[in-house]
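Please look over the sequence and the structure shown below before reading the report.

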Amino acid sequence: MNFSLSSKAIATIKADCLVVGVPEKGDWPESTTHADEALDGLIKRLQSAGDITGKSGSTGVFPLEGRSWSRLMVVGTGKDTDRSYAAFRKAVIAAVTALKDGPSKSALIALADTPVNGEDAVSSEEALLNLIGRTLEEQLYTFTQFKSDKPASRKLNKVIALASGNGKALKDAFNLGLATGRGMNFTRDLGNTPPNICHPIWLAEQAKQMAKDYDCIKTEVLDEKQMEKMGMNTILAVGKGSTQPPRLIVMEYRGGKAKDKPYVLVGKGITFDTGGISLKPGEAMDEMKYDMGGSASVFGTMKVIAETKPKINVVAVVAAAENMPDGGASRPGDIVTTLSGQTVEILNTDAEGRLVLCDALTYVKKFDPEAVIDMATLTGACIIALGNHATGMLANNDDLANELLAAGERTGDRAWRLPLWDEYQSQLDSNFADMANIGGRPAGTITAACFLSRFAKDYRWAHLDIAGTAWLSGKAKGATGRPVPLLVDYLMSHAGK
């Protein structure tokens, strides 16, 4: 697929399909007015006749003759007063959805001058071009690697986005959006890959391949013998019941100054989660291949960083293991010593994500991080609390928390902060070890983060619980690519100019 940006006069840009936006109520954007002039008032006539309503997310396609375009697509953008960033995204998704399986080989999308309510950070042309680029990649995604009958190739192979000028800021915004979409799709590919293929060693191979594909990425993989020597006993405890050995994967990008502290991303990489001896119910257990969603989002974010090469230092750490039950598996009641020296009583082997993460959080202290962000499909309680719309976020630093929340708002990849009060810590008390790995049903997402916080006291840290946002179930089943947009926006906001 070929994507490009153009600032030429709309009537001079040839394409099979022109896409413009029309509001349900409010003034037309300049691009729509110019298109209507080039079409001798056709769009106004269609609106007057009721063929187009402007209702948010509606689309209408009309054939043209003797024009620069073979057909016109009009996308409804709703009322000016109601048009949020999310509503604009809905319109862009509707346009791409209508285009992708249609007859057009090329398309000109003229939507970036649509007025959007909100702060400049989400309503500027740069922000809207970024969103258009990201949405193009995201909505054109397919995962058919394991289907015998491949779907026919799409006719659409070229998309041009219209911009008001050819300045660097507009080009960079559009290209970053495209890169973010590709990073999301890489995350989705990893998540959708079946667990008989996607296991810890396979994930490590993907990290090594990234280092081959991008000379700015340096990859190191620690095997079970190295982890045992270091004392990473909780990662090893999770993987004991599987024939697939655990791996600790480290990817480094050094695009900033040598003295700049790195931003560290830590991802939970449970490539399949049966629950171990604390076996999960069989229903929907196939979706536990998505329990490596945190690691997948780390990979996707690093791909964006490698492609765009910002002036920042980033270290990514993935704690990968498979949680299976067999005669060697960890048992409820086992006590293990973590890399930090703290001991943990394993009361439930299905609370394994925090066990692999705690050793990783101790390990990353060696990098003297500016900030550490871990992401994990950690608790079903987070889905009960926030559904599938918001990522749960907890942090030991208010500034970091606020920056991540703002990044989520700017990208539509939203998070919601939950409290990390000391009062919750007592739920992790153990009679026999320094702590238990579960704190009971009440406040399950919070107590899971409380557990992790005990290993992140030496740096600014935030935890993203993506159990509700990393994948979708039902007819739309599949990985989503979240929270790659949030992470990319946050990191780019700290990159040097």
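This is a predicted model: local features need pLDDT of at least 70, side-chain atom pairs count only at pLDDT 80 or more; totals for chains, interfaces and linings use all residues.

Residues are numbered from 1 along each chain as its sequence is written, and side-chain values use heavy atoms, with hydrogens and water left out.

Helices (H or I, at least four residues) and strands (E, at least two) are DSSP runs that are numbered from the N terminus. Several residues of H3 are buried, among them Tyr85, Phe88, Val92, Val96 and Leu99, where buried means under 20% relative accessible area, exposed over 50% and partly exposed in between (1.4 Å probe, protein chains only). An α-helix has 3.6 residues a turn, so residues three or four places apart point the same way.

According to the unreviewed UniProt entry, the annotation "active site" covers Lys280 and Arg354; UniProt positions are given in the numbering used here, feature names are shortened, and annotations may be inferred rather than shown by experiment. Lys280 is placed in the loop between strand E9 (263-273) and helix H10 (293-308). When residues up to four places away in sequence are not counted, Lys280 touches Asp273, Thr274, Gly275, Met285, Met288 and Asp350, contact meaning heavy atoms within 4.5 Å. Arg354, by contrast, is found in helix H11 (residues 353-363), and with a relative accessible area of 7% Arg354 is buried. Leaving aside neighbours within four places in sequence, the contacts of Arg354 include Leu378, Asn437, Ile438 and Phe451.

| Residue | Phi | Relative accessible area |
|---|---|---|
| Asp368 | near 45° | 45%, partly exposed |
| Ala443 | about 55° | 28%, partly exposed |

Asp368 is found in the loop between H11 and strand E13 (371-376), whereas Ala443 has its place in the loop between strand E16 (435-436) and helix H14 (444-453).

Finally, a cis peptide bond joins Arg482 and Pro483, with omega about 5°, and Pro483 is placed in the loop between strand E19 (478-479) and helix H15 (484-493).
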